[in-house]
Structures are given as structure tokens and as C-alpha cells.
Amino acid sequence: MTSPALVPNAIIEVNDVSKWFGDKVANSKLTCSFGPGVTGLLGPNGAGKTTLLRMLAGLTQPSTGSISVDGLDPRGHPKLFERVGLVPEEDAVYEFLTARQYVTYAAQLTGLADPSQAAADALATVQLTESADRKLGEFSKGMKQRTRVAAAIAHRPDILILDEPLNGTDPVQRARLIALIRSLAANGATVIVSSHVLAEVERIADRVLAMTNGRLAAAGNVEAIRAAMIDIPYKVRIDADDLRGLGALLIGHPLITSVAIGNSEMVIETNDLGALGRDLPGLAIDSGVRITRFQPEDMSLEAVFGYLDKRR
Amino acid sequence: MTSEGAVFDLGYEQYRGPRLSDRQVFWRMVIDGLKKSVGIGKRARNKAFPFSLVALAILPALGVVVIQVVAKIFGLPLSGDVLLDDREYFDWTSQLIFFFVAVAVPNLLIPDRVENVLLVYTSRPPTINTYLVARLVAMAISVGVFLMIPQLVLLIGEALISPSFFGHLADNLAFWWRVPLTSFAYLAVNVGVAALVAAYINNRGAAIAIYIIGVNVLNGVGIGLSSINEYFSLLSIQFWPTRIRDWVFGVNTLDDFPGADLPIVAVLATTIAFLTLAVALILRRYRKLI
Amino acid sequence: MTAFGSIVVNTLRGFLGGRRSWLLLALAMIPGVVQLIAGLVSGSAVGSQLYEEFSTQVLFTLLIPAVAITFGANAFGEEKRGKTMAFLTLRPISRWTIAAAKLVAAWLGASLVGGLGAVFAAFALGVGSGIWTELVAGVVGATLSALVYAALLLPLGLVMKRATLAGLVYLLLIEQFLARTVRQFSNLSPFRVGTSAYADLSQFARVIATLEETNGAVVAGAGGATLKALVIALIMWAITGFALRELDLV
């Protein structure tokens, strides 16, 4: 079986990569790949996300293992960067430049024929046209972040690496940036977004790579990762007009591992959510109980990541 | 408190134990400053620069002593010119303390200011004056020790190999006022200039560079303008302690320097006036901050 | 504009836009100001003596090196401190081009600031003493001196946090102090490149003697100095390009 960490149409391949700084191991034996669409790189601070992204961009060299972008080592093949855009985690811009000068500089370095037009387009994409001629030193954190995104997309890259791209942005800007990232991916770009904010990743990414302690903890979409946790039963919250009657039916049912009945609701645990979903309506009809809610509790990314983090 | 909710005092108990006296607090701050000035409690690389300067300061003194020991053992005659005396030794150590002060003073003053630590000091009984005096005393002690240790190595080393240890010390009683006085002149001028720069510049690197380049440029300007009038040589800041040293030792080694013949009163007055102005400007700066 | 030109222009923007450059320019102008005052107050003889014994000394052994050290060390130093290295290096341009552009920017910035100092000092000499021949010598000397120091500090700024300070300590401790005390050190001092070109082109017969008195033997030769400066720049460019390729840049 192919590992869920690998995708069939991979553009970026990470092969058994480890990276250490002195005696500190930042990444350990990572094997994964990235293809078109948005991949969310998820993990708490210090999990090794930024180091992995820096290696993908060729900024730092793996201690062991190899990385290829479109079949080439990102270090030593600068031509690759005609196709790559990076927004690093650091809140770093040239504060003495205006937003327009900054994005134009980025476009010039990428060798575009009309850098001024490319910069104007990119600034319009991140809604910064009106502030384009102000010095970056006067910008708020969110505006700087949008300028950096504009600089990364000015040359219309088909590989975009974004390290914590929504840092410092307000809810409206956040929604716009998420829409922008999703539209780039919809046009066929390979987008990698790192974040330690689960809700962000859940909204942006089609696929998640979860990291803890420099290792890959899980890969796939959220439902698939949750389904792969066979040692952790699903929690399901159920409301019904006769909780005690339903509870009596479920206790001892082969699919149910535990039943907890409260005043107005019941929480059950099961190892096979799909089978329970099929069986439960029949049971309810047979016993004359009306079920008003059937809600899996731990299908969210937050819950899944909580389980992954506990396994450290 | 309302009928529906209440917030209770959890009984935060103030510290009621013994407290250090003001004098003890002051000396704690001095010791903290001393440690910071030489990088104690920080990474090894922070210690490398000050300690290598201290080593450079002591090495020639040890070398002089060793040469004399070897000469004595093998009965070799030594020309008086080979060896350094205490006055000449300042030519070497004064250059080293220039760099020591250039790095140590900004390290001592600037981080407290730019990282807003000053409030931590001044929200307690010590005032901003106590803080500044403690910092300057710490610098004075570390520079003073820097200048005195190699001189003591030289004196004691020579005393040990002389026919009479105490006889040698008795012959060099003047050491005990000349060397400390000269050391004070060097440390006051160097620390004064560096502290003035560090009080007004918030970037450590810039403060170090401005001090190093500024003092050297002023030396050049002083020499340059002295062709118009020799009193312009007083612009050369490093000339002041060297002229004071020569006065203390009763010699004139600055023959080729345009201000060599200036009356010592003019040099002393300039030095004292500058130091007074520096202290006033530093106090003004810090009082505005707090 | 090409990527090379773009890096040069934007690095110069960063250099010349801040207060630091104005401060350095003010420092570089000091010999000229002193020269002007002395020449006007004390007459042409004092003016020309001052030019030989003070202005050239301070400019070539202290101010132009200090300016070039600052620009050379900060060409990459500021990118590292400002965490903008990724902006520069993740582009479809070779690391050799980046190194060359940064070297040229540091050299142009230092030549501009240091050269203005030299030009102003030569101008002040002309005003005070009626001697207008030193302009070319000053500019050539300043330009070569700027190239050598900027090149030497370029890779240091890439690998060291406090490269400017290290360069200044080297300048003051080794060149200004040790090289004057132990003459053998002076043979290794890079300031001799600029001064030997300057001495060759200067109309003052005593310039070399004056420089030698305080800074050790100086052999006059603008051609040799240019060659030395170019070789040093080439070596430092190669070292920087190699470091950019091989080092982790974050």
C-alpha cells in the first residue's frame, strides 16, 4: 500500500530526510511528497515545520536524505525559482522600500519582462493598491504580510510555500488570503501552508501532514487520519426522546465500547463509526425511540491533532 | 459582591522578611555590572573578547619578568632599554582598555535601556542616580583592575627577582600613587566618553563604532588644527590622560605631539570640564527616560 | 533592469537612505573641513602641510577604510539581521551574481562616501593653497581603498553577526596600533593598496615619506595597486559566492 504521506503526481519529494543543528534534531526521517492542491503542514511550535519548509526551498541543506523539486535539488538549481514562491515565517521586509518597490524588486529578481505591471497586479490581488506607495516601515504587521504574499506571487509561481501566512492578519484579510490560496491551488498550483492554528489548516488544506517533535505524525485528509486511529474509539454524542431506553439497547451491542448517559444527552464510544451509522436507525425504529442528534465528537482537526500530540 | 457572584481575596501576602540595606543593594548592582562588563554568566563567546584583552595586557608584564628571571639564572647582562617600566606600560594597556571600554560600556548601558529594564531597577528603592553610579563604579572597578593587574605583575615579579623583595618595594613607593592616579585618568576619560556615547545611542554596534571612530577622528582633527593654534590639540581626547601620565611621572614623552608643551593646568581643566559635562548630559538623558 | 542591477540599486538604497550614511559622510568630510579652516586661517603653506600630514593620513588610514568596512560588512549583514536573505536567494539567479552585485553595491557606496571626503579635502586644499592637482589622486586612492576593504568584509558580513565591529577593531588595533608598533604588520595592511595608488598620482613629493613615517613602507604604483585591488576583490567574490552556495542561509 502506498503511504498517505506520498501523492501520485508529486512535484516535491522528500526522501528519508533528517536535519539536526548541533545535538538538536529538528527533523527526523521524513518521507513525504507534495502535489497540486493545498497541503497543510500542521504541528505545534517547534515541531520542525519551518525547518522542513526551508529545506524544501533550498535555504538549508538536509543532514541526511534528499529533497527534489520537479526532479531537481533545490540547492544549486536557481532556475527552479522561476516557478517557486516563498513567504517565510519571519516578519521581514525592506522597510526603506515602498510596497510597490518591494514587489517590483521581487519581480525583477525573478526576471519578469514587465516587473512594474507584475507588481501592480500582485498588489491588487492582495488589495494593497491604495497603500502601494507607502514605505513598508509604516505598514502594520498584516499589511507587511500581504506585501510579502504579493512578492511571492508576483511571478505567478506554480509552487508556493507559505510559512504561517495568516500571522498578524485580521479576520477579513484572513478570509481573503485563504480564498487567494485556494484559488491558486484550484488553478493547479502546488501550495504548502504551514500553521500551528488548526482551524486555519482545516479551512485551507485538502490534505494534512501533521508533525510532532520533528517527525511525521500523520498524513491524509482529516477523516482518513481519524479513521486510521484504530486504537482510539470514536466519541458520538446522541440526543433522543428516550435516552434511557436507547441506552439499554446499546449497552452490550457489539459495536459499542462504552455508554455514558447524562440528563439530556448520551455519549457513546465505538470503533466502527460507519457500521454504527448504518445499524442505529434500525435499532431506534424497532424500539420506538426518536433520535434527534447523532454527532461524532472527535472528527475535527483539533481533536485528531490532540490524539496525535498525546502519542508523543 | 452581588447575590449571584463574588470575587474573593486569595490572601496575597506581601514579603515581610529582612531586606538588604541601600548600601547592599548598591553593591549588588555594582557586582551585577562587573559581571556584565566581562561577560560572566553569559556564553563563552561573550567572555572571549574581554578576557583575551586582559591576557594581552598581562602577557608583556609576564614576559618582562620571565626575561629577567632567565637573565639572572644564566648571568646574562640586560640593557635597561629591553624592559618596560610602569609608565611605558601604560602605552600598551591604554590601547587595550580603549577597546575594552568600547565594547563593555555599551553592553552595560544600552540593553537595560532598549529592553526597558530600567523600570525594573527604578520601580524599587534605588533611584536612577543609584543605578548610574553603580554602573559607572562597576566600569571603573573593571577598568581599574584591568590597568592595575599587569602593573602589579610587573612590580611584584621584579621584586621577587631583585636581591631584596621589600627593598625593591621600598625603592618603588611612588608606584602606589603614580600608577593608580594615572590609571584613574585613563579610565575616567575612556569611560566618560564611552558612557556619553552609549547614553545617547540605542544601537550597541553603532555606539561601539561611533566611539572608536569618533575618538580616532578627534585625535586626527586635534593634531590637524594644532597647526593653527596648539590649544586645538586638546580636541585629541586620548592626549589628555597621556599628558596627565607624563605629568604624574615627571617626564615629557610627547615631543612630536603639537600640544606637548601645553600647560598641564589646561589639560586638567579640559579633562575635568569634559567629565563634568559628560556626567550632566548622561544624567539629563536618563532623567528624561524615567 | 537586470537582477544584478536591481540588487545593486536596492542595496545602495538601503545604504544611503539611513542616518548611518549621513554620519559616515559627515565623518569623511571632517578632514576637508579642517583643511579648509586651516588653509583659510593660516595660509597656503600650512594648508599644504596639513594636507600631507593630516588629511591624507586620516582619510586613507582611518575614514575611507571605516566607511568601506561598514558598507562591506553590511552588504549581507543587513540581509541577515533583517531576515531578508530568503528574499534574495530564492530567485532564479546564481549565487555568484548575488555576491558580485553586493560587492559592487558596497564598493560604490563606500567610494561615493569616501570619495566625496577625498574630493572635499582636495577642494579645500585648492581653496586654501591654490593647489588643484590632488583631485584625481584622491578619487583613485579612495576608490581602490574602498574596493579592497569592502571586498574583505563582504564574506565576513555573511558569516559573522558583528562583522563591522570586527573590521573596526582590526583597523584600529592591528592597522592603527600594531602595524605602527611592529612594522612587519604594516606589510599586510590593506590600506597600502589605496595609499600606494594615491602616492603615485599625487603631486606632493613628500606624500610617500609622510605615509611611511607613520604607516610603514609604501611603494608608489597606481597600476600595481589597481591590480592588487582587483585580485583581492576577485578572491573575496569567489569566497562569498562559495559561502552563499554552501552555507545554510537562515
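Author: Two residues are taken to be in contact when heavy atoms of theirs lie within 4.5 Å. The model is a predicted one, and by this rule the contact between chain C and chain A takes 26 residues from chain C and 29 residues from chain A.

Reader: Which chains share the most contacts?

Author: Two pairs of chains are in contact, and chain A and chain B are not joined by any contact, since their closest C-alpha atoms are 16 Å apart. The contact of chain C with chain B takes 23 residues from chain C and 22 residues from chain B. Of the two pairs in contact, the one that shares the most contacts is chains A and C.

Reader: What area do chain C and chain A bury between them, and which residues of chain C lose the most area to chain A?

Author: The size of an interface is often given as the accessible area lost when the parts come together. For chain C and chain A this area is about 2500 Å², with 62% of it on carbon and sulfur atoms. On the side of chain C, three residues together account for 28% of what that side buries, and those that lose the most area to chain A are Phe87(C), Leu90(C) and Pro92(C).

Reader: How do the residues on the side of chain C that touches chain B divide into nonpolar, polar and charged?

Author: Chain C and chain B bury about 1900 Å² between them, and 86% of this is on carbon and sulfur atoms. Between these chains the count is zero salt bridges and also zero residue pairs in polar contact, with both residues at pLDDT 80 or more. Helix H2 (19-42), helix H3 (44-81) and helix H7 (163-181) of chain C are the elements that give two or more residues to this side, and H2(C) gives the largest share, eight residues. The residues of this side divide into 20 nonpolar, two polar and one charged.

Reader: How many helices does chain C have, and what percentage of its residues are buried?

Author: From the N terminus on, the elements of chain C run α-α-α-α-α-α-α-α-α-α-α, which corresponds to 11 helices and zero strands. Among contacts in chain C between residues at least 6 apart in sequence, 79% join residues at least 24 apart. Of the 250 residues in chain C, the buried share is 60%.

Reader: Where does helix H2 of chain B bend, and what covers its buried residues?

Author: Helix H2 of chain B, residues 44-73, bends by about 30° at Pro50(B). Pro50(B) is also one of the buried residues of H2(B), which include Leu53(B), Ala57(B), Ala61(B) and Val64(B). After H2(B) comes Gly75(B), whose phi is positive, near 65°. What covers the buried residues of H2(B) includes helix H1 (22-38), helix H3 (86-114) and helix H5 (128-161) of chain B.

Reader: Is Ser183(B) buried or exposed, and which residues does Ser183(B) touch?

Author: Ser183(B) lies in helix H7 of chain B, residues 175-200. Its relative accessible area is 3%, and because buried means under 20%, Ser183(B) counts as buried. Not counting residues up to four places away in sequence, Ser183(B) touches Phe90(B), Leu147(B) and Met148(B).

Reader: Is Lys29(A) buried or exposed?

Author: Lys29(A) is found in strand S2 of chain A, residues 24-34, and has a positive phi of about 45° although it is not a glycine. The relative accessibility of Lys29(A) is 54%, and because the cut-off is over 50%, Lys29(A) counts as exposed.

Methods
Residues numbered from 1 in each chain as written. Chains lettered and ligands numbered in written order. Predicted model: local features only at pLDDT ≥ 70, side-chain atom pairs only at ≥ 80, totals over all residues. Heavy atoms only, no water. Buried area = accessible area lost by both parts, 1.4 Å probe. Salt bridge = Lys/Arg side-chain N within 4 Å of Asp/Glu carboxyl O. Polar contact = N/O pair within 3.5 Å; in protein donor to acceptor, adjacent residues only side chain to side chain. Helix = DSSP H or I, 4+ residues; strand = E, 2+ residues; numbered from the N terminus. Nonpolar A, V, L, I, M, F, W, Y, C, P; charged D, E, K, R; others polar. Bend = angle between axes of the 7 residues up to and from the residue. Buried < 20%, exposed > 50% of the residue type's maximum accessible area, 1.4 Å probe, protein only.
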